[in-house]
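Student: Could we go through this one together, starting with how the charged side chains pair up?

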There are 2 protein chains.
Amino acid sequence: MASAWSLERNQLLVGAFVHSKTREELEVLEDAAVAVDKGGKIVGVQTGCETSAAAKQQLLGRLGWSEADVDLIACKPGQFFFPGFIDTHVHAPQYPNVGIFGKTTVLDWLQKYTFPLEASLKDLAKARRVYTACVRRTLAHGTTTAAYFATIDVAATNLLADLCLGLGQRALIGRVCMDTPGICPDYYRDESAEESLRATLETIAHVKRIDADYEIVSPILTPRFAPSCSGPSMLGLADLHRRQGLPIQTHISEHADDVKLATDLFPESGSYAKIYDDHGLLTAKTILAHAVHLTEGEATLVAARGAKVAHCPCSNACLTSGEARVRWLWDRGIDVGLGTDMSGGYSPSVLEAARQAALVSRYVAMPVPSGDARERCKLSVDEVLYLATRGGAEVVGLAHKVGGFEVGMHWDAQLVELNLVSQDGGEGAADKEEEDGFRDGGNVDVFGWETWEERVTKWLYNGDDRNTKKVWVKGRLVHSRP
Amino acid sequence: MASAWSLERNQLLVGAFVHSKTREELEVLEDAAVAVDKGGKIVGVQTGCETSAAAKQQLLGRLGWSEADVDLIACKPGQFFFPGFIDTHVHAPQYPNVGIFGKTTVLDWLQKYTFPLEASLKDLAKARRVYTACVRRTLAHGTTTAAYFATIDVAATNLLADLCLGLGQRALIGRVCMDTPGICPDYYRDESAEESLRATLETIAHVKRIDADYEIVSPILTPRFAPSCSGPSMLGLADLHRRQGLPIQTHISEHADDVKLATDLFPESGSYAKIYDDHGLLTAKTILAHAVHLTEGEATLVAARGAKVAHCPCSNACLTSGEARVRWLWDRGIDVGLGTDMSGGYSPSVLEAARQAALVSRYVAMPVPSGDARERCKLSVDEVLYLATRGGAEVVGLAHKVGGFEVGMHWDAQLVELNLVSQDGGEGAADKEEEDGFRDGGNVDVFGWETWEERVTKWLYNGDDRNTKKVWVKGRLVHSRP
């Protein structure tokens, strides 16, 4: 299938490129050009290109490309390229429930809202409708890679893989394993550990069939969370992990009640993290969602195993779970990315997750006595956008491919446009306004005096999908809007 | 000027109407009709109108209106009318800075970001551009009433009043008073208490000239916050309040540092609330922004005076100020509304403030031991939408006019439309999609099985200005989008 993805022409992108240089620093490459080959890979990055002509002159010869074979995509003034967002934890079947959580916390939320909806997606027509809406919507928000939890249903999970590949979203597809009676309802549970494994193998085989090299879609082993999985089920998945090298995703320490439930069910492990470790699931390819209530000892263990954390700020607020401490996790050597965690989180947007990550860090700071320790809790704009891109890439095991603009990486990116306020205080870009009498450039108003840093900040705080004009995955244009 | 506002025709609005019945309960009037006369007042509310014809039959005769004299506005399926939002605390001149706050807290934020921008708006061309953008943008978000802080500049403040009246936004216009050297920078400070009062009287006179009965725009006395105001300045404003009955707006107990500064400057008062009370500024017409760190004693005093609170959840998170306890304030008999507090808050949207109010209430709940006391901290969807409408109306002293749909109230409202997901998972409303190949109905995806309560919930959590299709103030259409 790799050839199906190959593009007809090379691409030369010219303009401003903003991406994370380090955790602490966004880099702005103005007057730059990026060359993307037919395989969707970045083969050249060149600064000092004030015009498209200069970009061509500097790159085409070096790459041996003829001008006739190149599509030129140039930023308009004020536009910039940004890496595609990476959603490290999202439940596709829960998309219709975004915002609907009432006053529940995670355990009653599962029973009341989540399990009934997930179970209903064994109806494939419904699954197609929900998954299509979810993938289209998240692409529109600039999500180029998503680590999806699907449901226990194999056919519906396979359909999600088909849709991601068809619509062009890079995705890790997780068929959910959950076989513990009492925790999982009778109407929505794997019959046994063997059944969990058999069904998982079926989805792995399907993904292999449609994308042999896991270039766009790939399988991910998905024990829902320790309380929902029997020991044999977890051991079986760990065995599969060892044999096939597949990544793993699950939940950890989301809410105090969830910690208690897990440790009550596995008293011999003594801690939530140790449960996964005892069952072979705590590895350098493991994504742990939430990690709100990890202890020092657990953090040490997680760091030692190289497991990663998906920070889900919206969800943790909605479900009153607590505040995950990103700086604290970083200080302990743990990589962190962002998860929308729909529908525990209310929003399909990773930009919203980044915004809320900045706010959550301030809630982490508030009880700390004023001084350097409090200040360190706060995450900067650059840091939360790192979480949304390179941080996420590390978490999903794709840091060598996506999350930034370097030679050898894939062109997973978005073109961002902000709204220029006209001199009379209206929306700018008169050409569009004249066309149809109405223009909707979104909520980010730029007055013209802002620095690049301020523009990106404004985008973080008031941006939405309207600012994401184009989205590419592996060089292919997978979303655009006027 | 009242006649300038009168409408040429009566209006009959037909469809679903959602508004707060009580703090705890949104009421949905399906198949209803609201009659609005040429003065912009609601003169009839009728349920049981399944068609426009039925609405006409039931209302026109009773009102003595001829059909030829009536404009009919009917909801499409899925649309509903909702009261316009009330922003009880917003700084118009800070609009260009939304999202820009770095890692500051309120006192350094004022010096670093806010005072320089505010001072620069004495340039009237800049003020016109900024204020126009601000008013248009907030109208687009459904804000029909705003309590604005302007700047110390009289001409620019008067211009803000002109723009609100011209663009049709109900507004309280506050010329900011701040005369304390050391706290206020030399480049942005009233020369004296007398100068504060003189300038305030000038803006009052201007507003009186353009809207004699304060029907759309009205003046509000605006001592910035106690630390920035001398005793004589506050006493002078209090005297003006008593003589003219004008409302008052200020800040209180936003951040611990701010509390310390205020009580250090006025040691004889002993508490922040008592400072205002000692200077005659704590009245039933006073809007106190923030009130994050009020003590029990202060809350008792505020309640006794009947002063109100503008809760600013976005701002309090951004500036690491703390979490205001809405339930706690309500329990003490204090009325509460919502403020965007741009640009301490990052968003011009009251819907965003309502969303964040729900989340902040969960942060208030988190440290409380589990049980009823914790559950009570959380605000429901209905409660935060009450804050955004009727609660706000109480805070700005307009509860008899706006915030709900009853006979005698003014038609300050918005028409909300959500996005219906098509059967194939795309956006619905095929007619529009066919027109230009692209449709942007916003982020609220309705699948069709949702209850009214769930639809409103989805709007709260993923809605934005795209869902607000029309906005009316006092019966006049002041914003619409395709």
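Student: Which residue forms a salt bridge with A:Asp445, and how far apart are the closest N and O atoms?

Tutor: The partner of A:Asp445 is B:Arg137, with the closest N and O atoms 2.7 Å apart; a salt bridge here is a side-chain nitrogen of Lys or Arg within 4 Å of a carboxyl oxygen of Asp or Glu. The pair crosses between chains, from strand β18 (residues 445–446) of chain A to helix α4 of chain B, where helices (H or I, at least four residues) and strands (E, at least two) are DSSP runs numbered from the N terminus. Please keep in mind that this is a predicted model, in which local features need pLDDT of at least 70 and side-chain atom pairs count only at pLDDT 80 or more, while totals for chains, interfaces and linings use all residues. Residues are numbered from 1 along each chain as its sequence is written, chains are lettered from A and ligands numbered from 1 in the order in which they are written, and side-chain values use heavy atoms, with hydrogens and water left out.

Student: Are A:Asp445 and B:Arg137 buried or exposed?

Tutor: Both A:Asp445 and B:Arg137 are buried, which means under 20% relative accessible area, with exposed being over 50% and partly exposed in between (1.4 Å probe, protein chains only).

Student: How many salt bridges does the rule find across the interface of chain B and chain A?

Tutor: It finds eight across that interface, and the count over all chains comes to 64. One that joins the two chains is A:Arg466 with B:Asp465, at 2.8 Å from N to O.

Student: What about B:Arg466, which residue does it pair with?

Tutor: B:Arg466 forms a salt bridge with B:Asp440, again with a closest N to O distance of 2.8 Å. The two sit in separate loops of chain B, 26 residues apart. B:Asp440 counts as partly exposed at 21% relative accessibility, whereas B:Arg466 is buried at 1%. Salt bridges that share partners join both residues into one network, whose other members include A:Asp440, A:Arg466 and B:Asp465.
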